[in-house]
Amino acid sequence: MGKNQNGSVASQDVFFNFTPTMTNLINIEKSAAFNTLWPPIADALSTYIRRRSAGADGYELTWRLIHVWEATAAVLSGAVTTRLRDLGTEGSGAYLTCREHLHGRTLDPLSKTFKNSQGALDGSANRRLELLLSVDSLDKVDSAFLQSVKQFLHSEGVDLRPLVTSWQQICDVPPDASNQNLRVYDVFKHVNTFRNRFAHVPFPYDEVAKVAETLALVTEQLFTVEPFPWQVFSDGRPHSPLHGAIVYRSRKLIGSLPPTETTHQAIELEEPHFLFPGATNKKSPDEAEMWMSRPFLFVDSMFRPSVLTRLISEANGVWEYTRFLAERNSVVRQERHSYLASLPIPSSIDYPPSPDEQEDEAQQALEQGALDAVPSPPASNRDQDFERALRDIANEEYVPAIKFFQDLVEKRPDYHIAWLRLGYALREHAMRIRFSEPEEAKLLFDRSIDALTRATQHRSLAWQAQALYERSKSRYHTEDLTQALQDAQGAYAKTKEPKYQSWITYISQHDK
C-alpha cells in the first residue's frame, strides 16, 4: 500500500484501480533464500516463486499462494499439538483441546455427552486454525516455540484490503476483512474463507491476475511479521515460529536444503522430530527444542518431507501426507495403526469431574438428605433422576429437563451448575417454539437469561465463563446484540477458550 502526498493511507479507490505487476516480495524472497523455514512451508513458497518467475497464469499462482497458507497452518498445528503432548501435565489441558479439534469430538459440559463434527483430520481447515488458539490458555509455559506461536497469532497490523478489493468484485467478503489492523490469526481465517470461495465460485479469467497479485501482497505481510522468518539470533532473542527444521536419522532438513548432519542429537532418530529454531547455535545446540512429531510428519526414503493433512481411515490406520513441492505423487498414504495411540480420540476418561463439580454433588446429596419436609429418596434414585435429566438434554427433550432442574434449584438455590443447565434447556426449548408460540418463547428466553445470571455466580472461572457464553447466546436470540457481545467477551477474558473467540467473531459479523 502506498501513501498520499499528505502521508495518509491511500483510499480503497486506489485498490480498485490496481494493475497486476510483478510486485517486489522482499520478505517472501528472503525467507526462501535464507533456508530457515520449516521444509513443507519452504516447499510451498519455493514452488510459488519458481512458477511466478516462469510466468504462470493468475489462476495457478493464486492456488500456489493458498498452498503456502495451508502448509503453514498444517505445520504449526502439528508442531503445537505434539509440543503440548511432549510437555506432559503442564500442557495437558491445551493438548486435549487440540485432540478435540483434530478428531471433531467434544464433550458437552451440560449434557455430559459427546458431540461429533468434522475435525481437522477430516480435512476441516477451520478446526486446524482454531486448534492453534489452544496456546492462549498457556500463561506460562517452558517452551519458546509455543510462546512464539502465541505472539505470532496475535500480532496485529496485517492489511487484507488489497485482496478484499479484488475479491469483493466477484463475490461476498466477510464484513471485518476490510479492517486495516487484523491479527495474523484473523487473516488465516479470512484467507481460508477466500480459498473456499475461489474453489467454488467461477472467478472471471480477466480478474484472476489481479487476485493473484493482491493475495501475494497479503502473503508478503505474513512473512513480514517480526521477528522475520529469515532472521537467526544467537543471543536468546525469540525466533519466528515459521523458522524450524525436521530431524530424522541424525540428519536435519531445513528450508529447501538437502539433508545435513546435525550435532543436536548423537543417536539416530527412527521417526521425524520437530526442531525449533531450525538454525541452531552450533556451540550450544541443546538450547533448541526438539520433540517427537508422530503422526504429523513423514520423510520418505529419499529424505523428502511431507506433512499430515488427513486421517483417511481410523479403522485401518491410514494417514495422508502432502508434499507441497510441485511434483508427481505429492500425496502419499501410510498405514500406521500405532499412530492413533499417540493421538487418541477424546473419551470420557479425559473428562473427570472437576473438584467444583464433585463438591457441588456432595453438597447436593447432603442437603437433599437434610430436607425434613419430605423423606429423602434413596441416593440411587436421585442419581437416576439426575442422569435422566442429562439424557433428556442430550436427546433435546427439554420440557422434562426444565422441570427437573427447576425443582432442583428451588430446593437448592446455590447450586449454580443446575442453574446453568436450566438456563440452557430453557433457551433451547424457546428456540423450538419461537415461531409457533412467540409469546411463550419470549418468556422462556427471559427465564433463561435470569437462570444463567444466577449461574455466573459460580466460584469457578471456567463455569462463570460457560454461564456468560450461554447467556450471550440467549441474549443474541432476543436480538440484544450489545449485551450478547459483552457476555461473549467476558467469557473469553476469563478462560481464553477458542470457542468463545469464535462466538465473538460470529456476533460481530452479524451485528447489524
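Q: With which side chain does the side chain of serine 111 make a polar contact?

A: A polar contact is a pair of N or O atoms within 3.5 Å; within protein, one must be able to donate a hydrogen and the other to accept it, and residues adjacent in sequence count only if both atoms are side-chain atoms. Here the side chain of serine 111 pairs with that of threonine 113, at 2.7 Å. This is a predicted model, in which local features need pLDDT of at least 70 and side-chain atom pairs pLDDT 80 or more, while totals for chains, interfaces and linings use all residues. Residues are numbered from 1 along each chain as its sequence is written, and side-chain values use heavy atoms, leaving out hydrogens and water.

Q: Is serine 111 buried or exposed?

A: Buried means under 20% relative accessible area, exposed over 50%, and partly exposed in between (1.4 Å probe, protein chains only). Serine 111 counts as buried because its relative accessibility is 4%.

Q: Which residues of helix H7 are buried?

A: Helices are DSSP runs of H or I with at least four residues, numbered from the N terminus. In H7 (residues 144–153), the buried residues are Phe145, Leu146, Ser148, Val149, Phe152 and Leu153. They lie on the same side of H7, because they cover an arc of only 160° around the axis; the arc is that of the directions from the helix axis to the C-beta atoms.

Technical notes:
Helices (H or I, at least four residues) and strands (E, at least two) are DSSP runs, numbered from the N terminus.
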